[in-house]
Amino acid sequence: MSRSVRTRPEGNGQDLSEAYDTALLDLDGVVYAGGSAIVHAVESLATAREGGMRLAYVTNNALRTPDVVAAHLTELGIPAEAGDVITSAQAVARLVGEQVPQGARVLVIGGEGLRVALRERGLVPVESADDDPVAVVQGYGGPELPWGRFAEASYAVARGLPWFASNTDLTIPSGRGIAPGNGAAVEVVRIATGAEPQVAGKPLPPMHRETILRTGAKRPLVVGDRLDTDIEGAFHGEVDSLLVLTGVTDGARLLAAPPQHRPTYVDADLRGMLTGQPEVVGAGDGFRCGGWTATAGAGELELEGDGGALDGLRALCAAAWTAAGDGVCELDGGKALARLGL
């Protein structure tokens, strides 16, 4: 474990946009959902940017190019350029380029974002296992990716070629619900070949390295909605993180988080970047934040007091994470969360 075990969310007397020089923002569930900006995102990001914070948008989705992502953000009212966007396609292209010769042919199973990233590294994308590739790289190719592409990857991997994956997210959000992600496609090739890919995307170090190289961040803050990608990526990168509750993580998942999934800060949405964070302090056998005190009782987490729901959640996190230590809290937090409306 690269960091000490976190037992409570931290407080910070400074606005986070002043305490950190760069926000490394996830996109789906943080900035937008289903193609539309999440409430408070546009104005919060504008205020942070005007105050001098650099905004970088970090995504595990390897399908779209940085130009396309930047154009989408700009249409939503969030001005962005291609250089503000870092993708898992870029991270995996660097990983491949460090292991194969310049100008080498690489079999691509994925979309245009992956092809563009490989070309930027001086590599040549090809479409068939019979095109003399020296490696295979797999990234999300969208819902229309033909099944035959997985067979093509399997033929090449079975011949002993090194296999790379942009990321292994099993699911991806869509306007109609949750759809299979690149991780599901990677499983198809894994089952067919018995091989294991080298993976670049969040939460693994190659993605964090790519982000720092491209942004030059000195005091980065990872902002995300997913514990197993955004927050774990910050943990492995040994940087601080802000979890926002506008995406897939709910209170129950947060209370049960193992050490690598425990964020530095917790807030409702991106307005949390513009404020300080309240301190959680010890109070007898429990923990207090705002008007709430949380304790680890007999078989469940208990909550007393009143005040803002987020303060109650922060106090509960401290009680749950302290009780769990370096494991997972098994105490029932259902009643306490229901009292907070979470």
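Reader: Which residue stands opposite Thr293 in β19?

Author: Pairing is read from bridges: two strands pair if DSSP finds at least two bridges between them. Strands are DSSP runs of E, at least two residues long, and helices are runs of H or I, at least four, both numbered from the N terminus. Here, Glu304 in β19 is the residue opposite Thr293. Strand β18 (residues 292–296) and β19 run antiparallel, joined by 5 bridges.

Before we go on, this is a predicted model, where local features need pLDDT of at least 70 and side-chain atom pairs count only at pLDDT 80 or more, while totals for chains, interfaces and linings use all residues. Residues are numbered from 1 along each chain as its sequence is written, and side-chain values use heavy atoms, leaving out hydrogens and water.

Reader: What is the strand order in the open sheet of 4 strands?

Author: The order is β16-β17-β18-β19, with antiparallel pairing. β16 (281–283) and β19 (301–305) are at the edges with a single partner strand each, so one side of each has no neighbour in the sheet. From one strand to the next, the twist averages 30°; angles run from 0 to 180 degrees between N-to-C directions, using axes fitted as lines to C-alpha atoms, for helices over the stretch in contact.

Reader: Which helix packs on the sheet?

Author: Helix α11 (residues 309–324) does, touching β17 (286–289), β18 and β19. Contact means heavy atoms within 4.5 Å. The direction of α11 makes about 20° with that of β18.

Reader: And how many disulfides turn up in a search of the whole structure?

Author: A disulfide is a pair of cysteine sulfur atoms within 2.5 Å, and the search comes back with 0. For Cys289, the nearest cysteine sulfur is that of Cys317, 9.8 Å away. Cys289 is buried at 0% relative accessibility, and Cys317 also counts as buried, at 0%. The cut-offs are under 20% relative accessible area for buried, over 50% for exposed, and partly exposed in between, with a 1.4 Å probe and protein chains only.

Reader: Last one: which residues lie nearest the centre of the largest pocket?

Author: A pocket is an open set of points on a 1 Å grid over the protein atoms alone, with protein on both sides within 12 Å along at least five of seven lines; lining residues have an atom within 4 Å of a point. In this model, Asn61, Tyr140, Thr171, Ile172 and Pro173 lie nearest the centre, out of 46 lining residues. Elements that each supply at least two lining residues include α3 (66–75), α7 (182–193) and α9.

How values were computed. 1 Å grid on protein atoms, 1.4 Å probe; cavity = no way out; pocket = protein on both sides within 12 Å on 5 of 7 lines; lining within 4 Å.
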